[in-house]
Every structure is written in structure tokens, then in C-alpha cells.
Amino acid sequence: MDPSHPPPVSDSSDGSGDAAASCVPPSQIVVLRQRADFLKAAQARRAGTAGFLLQARPRAEGEAGPDTTRIGYTCSKKIGNAVTRNRAKRRLRAVAREVMPRLARPGWDYVLVGRPEHTVSRDFSALVQDLQQALTRVHSGDTDRRPRPPRPRK
């Protein structure tokens with residue numbers, strides 16, 4: 001190895017610091033893939049922020065492992081072209097990787113919905129704060145609870 005380069009640093013934690021206080025180990029965070037799960041989350045609790053919308057719901061007894069947290073990401077064509085949508089989803093995944101292990105609860109489903117222009121252009125640290133505040137609001141019960149009429153199927 002070239003002596004001018006520092007040795008590689010391992011990403012594994014030694015059990016000290018924030019890793020010991022985490023609520024959900026990163027290995028128990030699963031990505032939502034089924035449309036039905038996204039639809040269920042859309043009918044549950046919501047917390048809007050400047051950068052995105054957070055939808056969250058506690059899973060019922062017997063649904064997918066009670067000790068896992070599931071998270072989904074969605075960005076519609078309102079966000080922009082495919083490049084912009086993919087960038088928005090990458091940013092949402094990065095924010096979730098940073099915040100979810102500490103604040104997410106096992107047995108819950110979360111969906112992060114990108115907002116046009118804001119998800120891509122908002123400062124990353126502001127997105128992290130947005131997710132922290134949204135999770136706090138969702139779990140405290142201080143959310144938008146207006147009943148939503150069902151959308152007609154096409």
C-alpha cells in the first residue's frame with residue numbers, strides 16, 4: 001500500500017456511541033416493494049415538511065415481522081424527468097439511512113414522498129431535520145388526520 005494514503009476505515013461500529021442507543025438496527029429496515037403496502041401507508045398518518053411528505057402506519061398483528069421497520073420511497077412525474085426523480089429518491093434514501101436507525105419504530109411502515117423542486121434542491125442537513133421532526137410528529141400523534149376520500153381507480 002502506498003504510504004501517502006491512510007489505511008481504509010471500517011464502517012462497522014464497536015458498540016459505542018449512537019449505535020448502542022439505536023431503536024432499529026439497520027439490518028432490520030426493509031424496503032417496501034408491494035403497491036398495496038404503499039396504499040395502506042397513504043391512508044394512515046401524514047406529516048408534511050418542506051422537503052417531502054412522510055406517511056406512516058403501525059402494522060397490524062400478523063403482518064410482516066413485528067421486529068422490522070419497512071420504508072418506501074416514491075417520487076411522481078411531478079418531480080421532473082427520470083434523472084431528477086432518481087436523484088430525489090437517492091437523497092431520500094440517504095436521509096433515511098441517517099435518521100431511521102435512531103428514530104424509527106419496529107412494526108411500522110414509512111413512506112417518503114418527494115416534493116417537486118424541494119426534495120432535490122433542499123440542503124441535505126435541512127432534509128435530515130425535516131425527517132427528524134416528521135417522525136417526532138407522527139409518533140406523538142400530531143399529524144394531519146383529515147379523512148381523505150378514496151381515489152377513483154382508473
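The legends below describe close-up views of a predicted model.

**View 1. Confidence along the chain.** The chain has an average pLDDT of 82, and 75% of the residues score at least 70. Confidence is lowest in strand 1, with a mean of 89, and highest in strand 5, with 96. Over residues 5–22 pLDDT stays under 50, and for this stretch the model has six contacts beyond four places in sequence.

**View 2. The largest nonpolar core.** This core has 25 residues. Leu-54, Tyr-110, Leu-112 and Leu-131 are those with the most contacts inside the core. Two or more residues each come from strand 3 (52–58), strand 4 (69–74), helix 2 (82–103), strand 5 (108–114) and helix 4 (124–140).

**View 3. Surroundings of Leu-112.** Leu-112 is among the residues with the most contacts inside the largest nonpolar core. When neighbours within four places in sequence are left aside, Leu-112 is in contact with Phe-52, Leu-53 and Leu-54, with Ile-71, Gly-72, Tyr-73 and Thr-74, and with Leu-92, Ala-96 and Leu-131.

**View 4. Helix 2, span and bend.** The 22 residues of helix 2 reach 30 Å from the first C-alpha to the last, close to the 32 Å expected at 1.5 Å a residue. At Arg-97 the helix bends by about 35°. A proline, Pro-101, follows within four residues of the bend.

**View 5. Helix 2, buried residues.** The buried residues of helix 2 are Arg-85, Ala-88, Arg-91, Leu-92, Val-95, Ala-96, Val-99, Met-100 and Pro-101. These buried residues pack against strand 1 (29–31), strand 3, strand 4 and strand 5, and also against helix 3 (118–121) and helix 4. Two of the buried residues, Leu-92 and Ala-96, are also in contact with Leu-112.

**View 6. The hairpin of strands 2 and 3.** Strand 2 (residues 45–48) pairs with strand 3 in the antiparallel sense, over four bridges. Three residues lie between the two strands of this hairpin. Ala-47 stands opposite Leu-54 in strand 3. Leu-54 is also one of the residues with the most contacts inside the largest nonpolar core.

**View 7. Glu-117 and its backbone.** Glu-117 is found in the loop between strand 5 and helix 3. Its phi is near 65°, a positive value in a residue other than glycine. Most residues other than glycine have a negative phi. Glu-117 is exposed, with a relative accessible area of 61%.

Methods: Residues are numbered from 1 along each chain as its sequence is written. This is a predicted model: local features need pLDDT of at least 70, side-chain atom pairs count only at pLDDT 80 or more; totals for chains, interfaces and linings use all residues. Side-chain values use heavy atoms; hydrogens and water are left out. A nonpolar core is a set of buried Ala, Val, Leu, Ile, Met, Phe, Trp, Tyr and Cys residues joined through side-chain atoms within 4.5 Å. Buried means under 20% relative accessible area, exposed over 50%, partly exposed in between (1.4 Å probe, protein chains only). Contact means heavy atoms within 4.5 Å. The expected span of a helix is 1.5 Å times one less than its number of residues. The bend at a residue is the angle between axes fitted to the seven residues ending there and the seven starting there. pLDDT is the predictor's confidence in each residue, from 0 to 100. Two strands pair if DSSP finds at least two bridges between them.
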